[in-house]
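I opened this notebook to record what I looked up in one structure. The entries follow the order in which I worked.

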Amino acid sequence: GANIQDFNEMGKTSGLYSFWLPLVGHYVVQLKVTNAGGIESGDTAQSKVEFDVIPGAALHVQLTWDNASNDQDLHMTFMAQDDRVCNDPWDCHWLNKNPVWFSTMPSAAGPNPTLDIDDTNGLGPENISIDVPEAGVYRVYVHYYCDFNFSGVSPTRETIKISLNGLQVAE
């Protein structure tokens with residue numbers, strides 16, 4: 001559900017490899033080594049590592065979609081203030097990634113939401129997180145922004161996953 005370019009791989013040909021995982025979920029990583037003679041390592045239990053990516057924020061909303069030829073946008077509003085989409089400052093979205101909903105805390109901290117990336121190259125993810133959400137009702141929107149081929153609207157299936165305190169509670 002994500003582009004491999006989003007993983008921000010580093011050290012692919014060195015002794016220390018790292019990457020960023022933009023999607024919540026279960027992962028299996030396998031090490032393959034090729035020696036100077038071109039012989040590849042085998043597929044063994046020792047060559048694999050399994051782990052889960054759990055969001056650190058208390059409220060985490062993740063959007064992915066299945067069509068790389070269009071751009072979808074994730075929005076979140078705080079209903080106690082305003083439920084209208086694209087109504088700044090009460091909508092966290094691609095043009096308002098770090099709104100200050102509560103002036104007692106800085107942007108992207110405490111009860112203030114943050115959108116990590118505006119994924120314009122298709123598939124997502126786009127993630128909105130709130131470290132310490134205020135009690136209340138939040139509304140999540142998906143906006144079909146555009147098709148890259150400009151030949152109309154492409155059929156697309158979006159998936160929203162919502163996690164509370166590291167546990168997925170809705171999809």
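**Entry 1: the largest pocket**

I sorted the lining of the largest pocket by class and noted eight nonpolar, six polar and four charged residues. In this scheme Ala, Val, Leu, Ile, Met, Phe, Trp, Tyr, Cys and Pro are nonpolar, Asp, Glu, Lys and Arg are charged, and the others, Gly among them, are polar. I recorded that the model is predicted: local features need pLDDT of at least 70, side-chain atom pairs count only at pLDDT 80 or more, and totals for chains, interfaces and linings use all residues. I also recorded that residues are numbered from 1 along each chain as its sequence is written, and that side-chain values use heavy atoms, with hydrogens and water left out.

I then asked which residues lie nearest the centre of the largest pocket. They are Lys12, Tyr17, Gln30, Leu31 and Lys32, out of 18 lining residues. The elements that give two or more residues to this lining are β1 (25–30) and β2 (48–53), and β2 supplies the largest share, three residues. A pocket here is an open set of points on a 1 Å grid over the protein atoms alone, where a 1.4 Å probe fits, with protein on both sides within 12 Å along at least five of seven lines; lining residues have an atom within 4 Å of a point.

I noted a volume of about 450 Å³ for the largest pocket. A volume is the space filled by probe spheres set on the points, which are joined across faces, edges and corners.

**Entry 2: the second largest pocket**

I found about 160 Å³ of space in the second largest pocket. Its lining has 14 residues, and Trp20, Pro22, His60, Asp116 and Asn127 lie nearest the centre. Strands β6 (114–115) and β7 (126–130) each give two or more residues to this lining.

**Entry 3: strands and sheet**

I counted ten strands and zero helices in the chain. Both are DSSP runs numbered from the N terminus: helices are H or I with at least four residues, strands are E with at least two.

I traced an open sheet of five strands in the order β6-β7-β3-β9-β10, with antiparallel pairing. β6 and β10 are its edge strands, each pairing on one side only. Two strands pair if DSSP finds at least two bridges between them; three bridges join β9 (residues 158–164) to β10. Ser163 stands opposite Gln168 in β10, and Val169 also lies in β10 (residues 167–170).
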